[in-house]
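Me: Could you take a close look at one part of this model for me, the nonpolar surface patch, and then tell me how the interior is put together?

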Amino acid sequence: MTEHAALGIALALAAGMVAQTLARHLRVPGIVVLLGAGVLLGPDGLNLVQPRTLGATLQTLVGFAVAVILFEGGMNLDLRRLRREARSIRQLVTAGALVTAVGGALAARVFLDWEWTRSILFGSLVIVTGPTVVTPLLRRIRLKPAVATVLEAEGVLVDAIGAIVAVVTLEVVLHPVAENVALGVWDLASRLGFGFVFGLVAGLLLALLLRFERVVPEGLENVLTLSLALAIFQTSNAIRPESGIVTVTVAGIALGNTKTRVLEDLKAFKEQLTVMLIGLLFVLLAADIRLEEVRSLGLGGALTVAALMLVVRPLNVAVGTAGSDLGFREKLFLAWLAPRGIVAAAVSSLFAQELDAAGLPGGSELRALVFLVIAATVLIQGLTGGPLAQLLGLRLPTNSGYVVLGANPLALAMGAVFREAGDDVVFLDSNPDACRAAESDGFRVLFGNALSEAVLARADLDGRAGCIGITPNDEANFIFARRARVEFKVPMAWVALRRGHTSVTSSMVEGVGARELFGEPRNLDLWMVRLERGIARTEAWTRDEPGAAGSEGETGGPVDPDNVLLPLAVIRGRGVVPYERDMAFKKGDELRVLILDERRDEGEAWLAQQGWEPRPSAEGEPQAPAGG
């Protein structure tokens, strides 16, 4: 049996990753493929994965995995964004959750004619939504920030709260006396309170531990954090049963909102680990379901799910967003999107085991109904969420904003020009120091291997107007642009090339439909050093008459622009275009150009010779040089 159990875990792990890979290619919610893989490998299919052979080990495995998933979800919650939508989030996870619990219980009672005990348990189980489903959907749909923040925060926080509510409800149901109801209310409040305090303290101590380089040796930060997160989870459970899920969520939030030297690297590691654990859990838990149990729910089961989606969720949102700044369209979308995830599946499996152990009937039917809710909400809402968001005007506009490979000083100077013109800019870099510098300048930065599928997906590359590769590595710039053009269909791409290097040529860049940044190969390292030392800065020049981009060879200019100045971009009307060879300038165009301080006179003379004039300030005086 042990050998079969080990084989089952290994197969579930592999199947989970294969299923999510397939889902990425098919562009469908990963959980849909995962549920299918679990059924296929389970007793109703090939009978290769038999979760019941794991016994109590299954719940231990599920507990550890859920702890990591919610810890990672908490780390990704930005408190600054949460504060802007605090009222809606607070009401959704309290009053809204109560509406869902009552509504779910009534639906099961009316349509399935279940006894009140089982109906109440079902209502407590469907409180949760879940970051394991919501977060991937948000990345695919690209919602406006307000709605995305509410959905993401609700998914993480209501999972932690809902899981404890469900467990306390089970305890009261198993011992139904008046005293236990009062004790249950106290139990719920004390577990939530203890988990919050313990999680906050643990998260801040963990952040403090990771802040100092000499305390934790380089390379051990990620695994140490993982180990401590699991220890925090189990310690909390040992002190106050079932409080660990709140504890790790709050610890993740505390750590994620405290700057440490390894935060971005830690987030990338936890994200990959979460993807693996989600695959494992969904395959194992789906394999534990019998299709006959789901089919036996019949029409009543379908009506219960429909009531949950079409009646209970809209009531939840109506109560949860009352008095908020959200408009009708935002509330309508929130009322539609509430897919359930791994926590609902895990807790329902626990309920089935506990009810069977207590000799109470209906545990398997309860678990089957929860899985029907998961499958229906993910499949229907996951596939229709994008079109509905588009119809309601809640999606971020396509072909907007830019993704920049590299967070070095030259890339930041380019990003500042785009930001000035009102364009959204996201930087990708694997250097923690560079990421911190970009964040301190107010830019959004994604840490990690910028050529990996996960990082490119997080950057929403397929919805961007363009991308720019501007690192000292020609090959990386070229590969980035090629992937953006070929795989993500980005309309425009620019590649920075270094002068004197021939590994990537202009013809290669043109061959993938990209363009050469700065018009020609430049001394990129030199300009990065100049910006770091503060001896070069960005200036703004305007055009009074049309013309073409010139060069010193055409005009007989006295300087080599690469040694004295570096043209970055042209602002035309409300748009900005990176500078490139043979640009046709229009009257009113504004050039943003880096100029070396010690040779400013030569650079400005060359610009004037090309037909440019310093941009006047608001008072009509020539503009002072902008900071680099």
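Reply: Happy to! Phe196, Val197, Leu200, Val201, Leu204, Leu205, Leu208, Phe212 and Val215 make a nonpolar surface patch of about 810 Å². Patch members have over 30% relative accessible area and no salt bridge, with nonpolar side chains (Val, Leu, Ile, Met, Phe, Trp, Tyr) joined within 5 Å; a salt bridge is a Lys or Arg side-chain nitrogen within 4 Å of an Asp or Glu carboxyl oxygen. Areas come from the Shrake-Rupley method with a 1.4 Å probe, and for residues only the protein chains shown count as cover.

The model is predicted: local features need pLDDT of at least 70, side-chain atom pairs count only at pLDDT 80 or more, and totals for chains, interfaces and linings use all residues. Residues are numbered from 1 along each chain as its sequence is written, and side-chain values use heavy atoms, without hydrogens and water.

Leucine 200 lies in helix H10 (residues 178-211); helices are DSSP runs (H or I, at least four residues) numbered from the N terminus. At 34% relative accessible area, leucine 200 is partly exposed, a class between buried (under 20%) and exposed (over 50%).

Now for the interior. Threonine 304, in helix H15 (residues 298-320), is buried at 0% relative accessibility. Beyond neighbours within four places in sequence, threonine 304 is in contact (heavy atoms within 4.5 Å) with Ala107, Ala108, Phe111, Leu112, Phe122 and Leu369. Helix H12 (residues 244-256) is largely enclosed by the rest of the structure, because 13 of its 13 residues are buried.

Definitions and conventions
Patch = residues over 30% accessible without salt bridge, like charges linked within 9 Å, V, L, I, M, F, W, Y side chains within 5 Å. Helix = DSSP H or I, 4+ residues; strand = E, 2+ residues; numbered from the N terminus. Buried < 20%, exposed > 50% of the residue type's maximum accessible area, 1.4 Å probe, protein only. Expected span 1.5 Å × (residues − 1).
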